[in-house]
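Hello,

Here is the structure I promised to pass on to you. Have a look at it first, and then read my notes below.

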Amino acid sequence: MSTATMSGPEVSTPNDLCNGQMKAVKVGENQNVLLIKVQDKYYATTAKCTHLGAPLEKGVLTSDGRLTCPWHGACFDVKTGDIEDAPAMHCLKTFTSRIEGDQVVISVSQEALKEPRPLPIRGSRKRKEITAVIIGNGVGGQSAAESLREYGFNGRVVVVGKEPYLPIDRTKLSKSLDNTAEKIALRKQEFYTEREIELKIGEEVKSVDFDKKVVTLADGNTQDYSYLVISPGSTPRKLDLPGANLKNVHVLRSLTDNNDLQKALTAFPKPNVVIIGTGWIGMELGSVMAKDGKAKVTIVDKGDIPLKPVLGYDIGKFIKRWHEANGIKFISNTGPKKFVASEDDPAKVGSVLLDNGQTVSADVVLVAIGAGPATEWLKPSPLLNDDGSITVNKYLQVESRKEVFVAGDVAKFPVSDSRNVRVEHYNVGRNTGREIGRNISIAAAAAEKDSTKAPKFTPFTKVPYFWSVQWGKSIRYAGSGPYDEVYIEGDLTSKKGEDTSFAAYYAQNGKVVAVASLNKDPVVSQFSELARLGRCPSLAEIKAGKDILTVPIGPASESCGNPNL
Ligand SMILES: Cc1cc2nc3c(=O)[nH]c(=O)nc-3n(C[C@H](O)[C@H](O)[C@H](O)COP(=O)(O)OP(=O)(O)OC[C@H]3O[C@@H](n4cnc5c(N)ncnc54)[C@H](O)[C@@H]3O)c2cc1C
Ligand code: FES
């Protein structure tokens, strides 16, 4: 923290930054601004990330002024405060500054620091003859809607969404069981009203006529579109086993699922919970339910190591030990055969019979065995791949239907090495939605001027960035792709996440394709920027001691300390 002198609405601090450096400057009891120097100029912004409040001075700054948050990858342009990447919810506020002798003077008032700077509204509903219809009121659909207005779309924006509440931050559903629609809403109703976004909440699309450009809703109503965004997310996989329909056998996707699970748990003083599956949702909810001994949790795993396909054997094994140390029991290399009714109430589950012959008591069961694209309602359609996903080009557009775009979990999009991937990450939903809103705005504006010319889009090149919270600690992960080698920096011998710090590098043929970390910020944010620019060192270099935090990012300029230059 830098020393500063406050005088009225101005604060001064020593003029001691070099290009690429930043410092938090105290401007009140609990308030800071962030002073940044890039390309020989000072910029001052709010100091906390607008997603969940991370201290941005601990983030990754490139020499051309992109600042990436250390926690979940939100990125801002420090010159304008504008959002570059998800999951930021608001822009950063910017403040003017000037140099006076050996001081930098920042003009900032307490008043200005109070409210976040909302997304700009550059479009309205004035061109009623064009309509963007968005299928899905999750993060992909919601982000597309707000970004249409941010980038100046002047037609109607209609969001049709099955869930009967305003779009929510779905990631919170596995971090806590105490959720309400208000608590986890991405935006309040006023936000949509102000932007003239029409929300058809609690309504379901049953079919799309792509030739006529019409969607039909479950109640038989139809809606024409000029542009269509498909973002229906995923459907949790269920088990087709005897007893699977008994009460207290749950899956988790919606707020309703989350509330139902909470209700089932609170009916018992200390419930026996069986979780089927060791993916992210099972592991996160296991830690939530077992916290402080609230529930006795058993996790049943077809394999032997949780999260092994993504994080590899060693990290998976560490996570397993960490959960065991907190009281969770694992039963490995087996699966459920039957859900057995409770003797007290035959409508409810009472135990789970496993393939290995073992029976485990279960007041509540959570089936967390992954999810697949929620596109059953579109079948049959030539747009759908066998797995239910929809392939798009680098502009997130269906190649054969240029007015149709796909966001979020359902989109199969090309990544830099020409592979097509489908990624179930919150940031991918938000970034694809934002990019689509921008592309449709560009297309609509171009068509208004000259419909014969192809609009100029920029390709979608964001590096997937993911996080998971276990026992209150965040595991971060950026990148994607198969790997044939994992190199871990850190000591995994402790059983406690709070005592452990690691960075794991996943490489294919020596090229680092992904990085995961625990308590080692901002290594994952640094990797996501290096991967974006194709500048990450090889695994051999990292093994030889190269620290990725010292690799330059962005165009070179004069520096006196920031390794990123
Ligand atoms: C419990 C949980 C925790 C998660 N935690 C994390 C995390 O910590 N970090 C992370 O990166 N990712 C996390 N994810 C993944 C992330 O939430 C998803 O990748 C993201 O929500 C995908 O956005 P989407 O818009 O594609 O789909 P969704 O958010 O699922 O939204 C799709 C919406 O479309 C609606 N819909 C579906 N079909 C229709 C139809 N026919 N008509 C109208 N509406 C329809 C659905 O009801 C839903 O409201 C988590 C997911 C879950 C379920
Ligand atoms: S707090 Fe910054 S990205 Fe989440």
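**What I found**

The protein chain exposes about 24,000 Å², and carbon and sulfur atoms supply 49% of that area (accessible areas come from the Shrake-Rupley method with a 1.4 Å probe, and for residues only the protein chains shown count as cover). Please keep in mind that this is a predicted model, where local features need pLDDT of at least 70 and side-chain atom pairs count only at pLDDT 80 or more, while totals for chains, interfaces and linings use all residues. Residues are numbered from 1 along each chain as its sequence is written, chains are lettered from A and ligands numbered from 1 in the order in which they are written, and side-chain values use heavy atoms, with hydrogens and water left out.

Now the interior: 54% of the 565 residues count as buried (under 20% relative accessible area; exposed is over 50%, and partly exposed lies in between). Along the principal axes, the C-alpha atoms fill a box of roughly 80 × 60 × 50 Å.

Of the contacts (heavy atoms within 4.5 Å) between residues at least 6 apart in sequence, 60% join residues at least 24 apart.

How many disulfides are there? The count comes to 0, taking a disulfide as a pair of cysteine sulfur atoms within 2.5 Å. For Cys-536, the nearest cysteine sulfur is that of Cys-75, 17 Å away. Cys-536 is partly exposed, at 21% relative accessible area, whereas Cys-69 is buried, at 2%.

Technical notes. Buried < 20%, exposed > 50% of the residue type's maximum accessible area, 1.4 Å probe, protein only.
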